[in-house]
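Please read them with the structure open.

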Amino acid sequence: MWVPGAPRRPVLAVAMAAAAAGLALAMAARRWRRRPVREVLFFPSPPSCTEALLAEAAGPGAPARPCPCPLPRTDCSLSRLLRRLLSARRSLELCLFAFSCPQLGRAVRLLHRRGVRVRVVTDAQYMGLRGSQIGLLRHDGIQVRHDQGHGYMHHKFAIVDRRMLITGSLNWTTQAIQTNRENVLVVEDAEYVKLYLDEFERIWEQYNPTNYRVLVQGQ
């Protein structure tokens, strides 16, 4: 029988147990909180088949086609770069000197078809070379801007969802991926992402076609 003024021990015990359980859940959530991405990729990357990875990214309604190529289906620097790229859900900014890798080009077009906002800045001279992916991107409706002046647009970086930076020495070409000694840094760091995003926006506006001057002979 409970006497007025006496502590309600069962109620108190339940409350304390609930508080302890809440604290334990909070601590567990903190431990399991996703850590920011910190990854370094080195090239050359051994030849490997990325068809399954790209087919999965195309969505559940995409036709499953077994790839007949003899290449091994192994985890490598190219496949890791593709996974980071394909993780985009809202936006993708690309600032690339040369872009001719078919696998990376296909990944970018897949993102565009999934509704990701894709913008590309590239070099005017290299976008016209044989094998460039830029024409295919434009054909799919992806916004592309390029320089109209002296010097190369020599940047090589991507920004995924305004939170993840992908940058390094790598040109997005098959030769660089399979042959060259290259490096790529993948990092989630708000401070660095903002600096690169500011640079992208500055170049994007500078390369706005409305700012171009058409020189007429005799002027």
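1. The largest pocket has a lining of 12 residues, and Asp147, Gln148, Gly149, Gln206 and Tyr207 are those nearest its centre. A pocket here is an open set of points on a 1 Å grid over the protein atoms alone, where a 1.4 Å probe fits, with protein on both sides within 12 Å along at least five of seven lines; lining residues have an atom within 4 Å of a point. The volume of this pocket is about 200 Å³, taken as the space filled by probe spheres set on the points, which are joined across faces, edges and corners.

2. By class, the lining comprises 6 polar, 4 nonpolar and 2 charged residues. In this scheme Ala, Val, Leu, Ile, Met, Phe, Trp, Tyr, Cys and Pro are nonpolar, Asp, Glu, Lys and Arg are charged, and the others, Gly among them, are polar.

3. As to the basis of the values, this is a predicted model, in which local features need pLDDT of at least 70 and side-chain atom pairs count only at pLDDT 80 or more, whereas totals for chains, interfaces and linings use all residues. Residues are numbered from 1 along each chain as its sequence is written, and side-chain values use heavy atoms, with hydrogens and water left out.

4. An unreviewed UniProt entry annotates residues 149-176 as "domain: PLD phosphodiesterase"; such annotations may be inferred rather than shown by experiment, and their positions are given in the numbering used here. This span is 36% strand and 11% helix, and its end C-alpha atoms lie 26 Å apart.

5. Overall, the protein has 8 helices and 7 strands, these being DSSP runs (helices H or I, at least four residues; strands E, at least two) numbered from the N terminus. Of the 219 residues in the protein, 38% are buried (under 20% relative accessible area, with exposed over 50% and partly exposed in between; 1.4 Å probe, protein chains only). Among contacts (heavy atoms within 4.5 Å) with a separation of 6 or more, 75% join residues 24 or more positions apart.

6. Which residues does Ser77 contact, leaving aside its neighbours within four places in sequence? They are Leu41, Phe42, Phe43 and Ser45. Ser77 is in helix H3 (residues 77-86) and counts as buried because its relative accessibility is 14%.

7. Val40 lies in strand S1 (residues 38-43) and is partly exposed, at 44% relative accessible area. Apart from neighbours within four places in sequence, Val40 contacts Val184 and Leu185. Val40 and Ser77 are 37 residues apart in sequence, and their C-alpha atoms are 9.0 Å apart in space.
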